[in-house]
Amino acid sequence: MTPLEANDELPEEVQTMIQQSSDAQAAEALVRYVIGLAAATEIRFTDVQLQVLTNHLIEMLNRSQSGEQLPAVGPQMFADVSQKSLDLADQVVRHIGHLAVAEKYILSIHFEAAQNKI
């Protein structure tokens, strides 16, 4: 997948997920923000990775708005995740706001998978 720019068309499956979300405008803005963050560090998502990521980002937005919190996770479970992926995930969590610390660790897996081409 080539890096998406701010005005590039998102894959059809991703567009459908965004349109079906409770706040399509916020969801699309967040997906594009994350694509831009990743691209700035030379991380590229495949179409399938972007679909899974989009689903996760939409759920994160929902939790941010509802106040629902994920259960705590042990950071040691993510010891093999690169600092780069953790930092990107932390930026996204702070960008969204009102989320549990656990969100950073779980989101970091998306960046790690794309970075390692898994």
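Mentor: Gladly! A residue is buried under 20% relative accessible area, exposed over 50%, and partly exposed in between, using a 1.4 Å probe and protein chains only. This is a predicted model, in which local features need pLDDT of at least 70 and side-chain atom pairs count only at pLDDT 80 or more, while totals for chains, interfaces and linings use all residues. Residues are numbered from 1 along each chain as its sequence is written, and side-chain values use heavy atoms, with hydrogens and water left out.

Trainee: What is the phi of H98?
Mentor: Most residues other than glycine have a negative phi. H98 is not a glycine, yet its phi is positive, at about 60°.

Trainee: And what is the phi of E42, another residue other than glycine?
Mentor: E42 belongs to the loop between helix 2 (24–40) and helix 3. With a relative accessible area of 68%, E42 is exposed. Its phi is positive too, near 65°.

Trainee: Now the packing. How are helix 1 and helix 3 oriented to each other?
Mentor: Two packed helices are described by the angle between their axes and the distance between the axes. Here helix 1 (residues 12–20) and helix 3 (residues 47–66) have axes 9 Å apart and an angle of about 10°; axes are lines fitted to C-alpha atoms over the stretch in contact, and angles run from 0 to 180 degrees between N-to-C directions. Angles under 35 degrees count as roughly parallel, over 145 as roughly antiparallel, 65 to 115 as roughly perpendicular, and the rest as oblique. The pair is therefore roughly parallel.

Trainee: Which residues of helix 3 does helix 1 meet?
Mentor: Contact means heavy atoms within 4.5 Å. From helix 1 come E13, V14, M17 and I18, and in helix 3 they meet L50, Q51, T54, N55 and I58.

Trainee: How many residues of that contact are nonpolar, polar and charged?
Mentor: Ala, Val, Leu, Ile, Met, Phe, Trp, Tyr, Cys and Pro count as nonpolar, Asp, Glu, Lys and Arg as charged, and the others, Gly among them, as polar. The contact of helix 1 with helix 3 divides into five nonpolar, three polar and one charged.

Trainee: On to helix 5. Which residues does S108 touch, beyond those up to four places away in sequence?
Mentor: S108 is in helix 5, and its 0% relative accessibility means that it counts as buried. Beyond its sequence neighbours, S108 touches F78, V81, S85, L86 and A89.

Trainee: Which backbone oxygen does the side chain of S108 reach?
Mentor: This one sits 2.5 Å from the side chain of S108. The backbone oxygen belongs to Y105.

Trainee: How far apart are the C-alpha atoms of A113 and S85?
Mentor: A113 is in helix 5, and its contacts beyond four places in sequence are Q49 and I118. Along the chain, A113 and S85 are 28 residues apart, while their C-alpha atoms are separated by 9.2 Å.

Trainee: Which residues does L99 touch, again beyond four places in sequence?
Mentor: L99 lies in the loop between helix 4 and helix 5. At 15% relative accessibility, L99 counts as buried. The residues it touches are M60, R63, S64, Q69 and V93.

Trainee: Last one: how much of residues 18–118 is helix?
Mentor: An unreviewed UniProt entry annotates this range as "domain: PRD"; such positions are given in the numbering used here, feature names are shortened, and annotations may be inferred rather than shown by experiment. The end C-alpha atoms of the range are 24 Å apart.

Conventions
Helices (H or I, at least four residues) and strands (E, at least two) are DSSP runs, numbered from the N terminus. A polar contact is a pair of N or O atoms within 3.5 Å; within protein, one must be able to donate a hydrogen and the other to accept it, and residues adjacent in sequence count only if both atoms are side-chain atoms.
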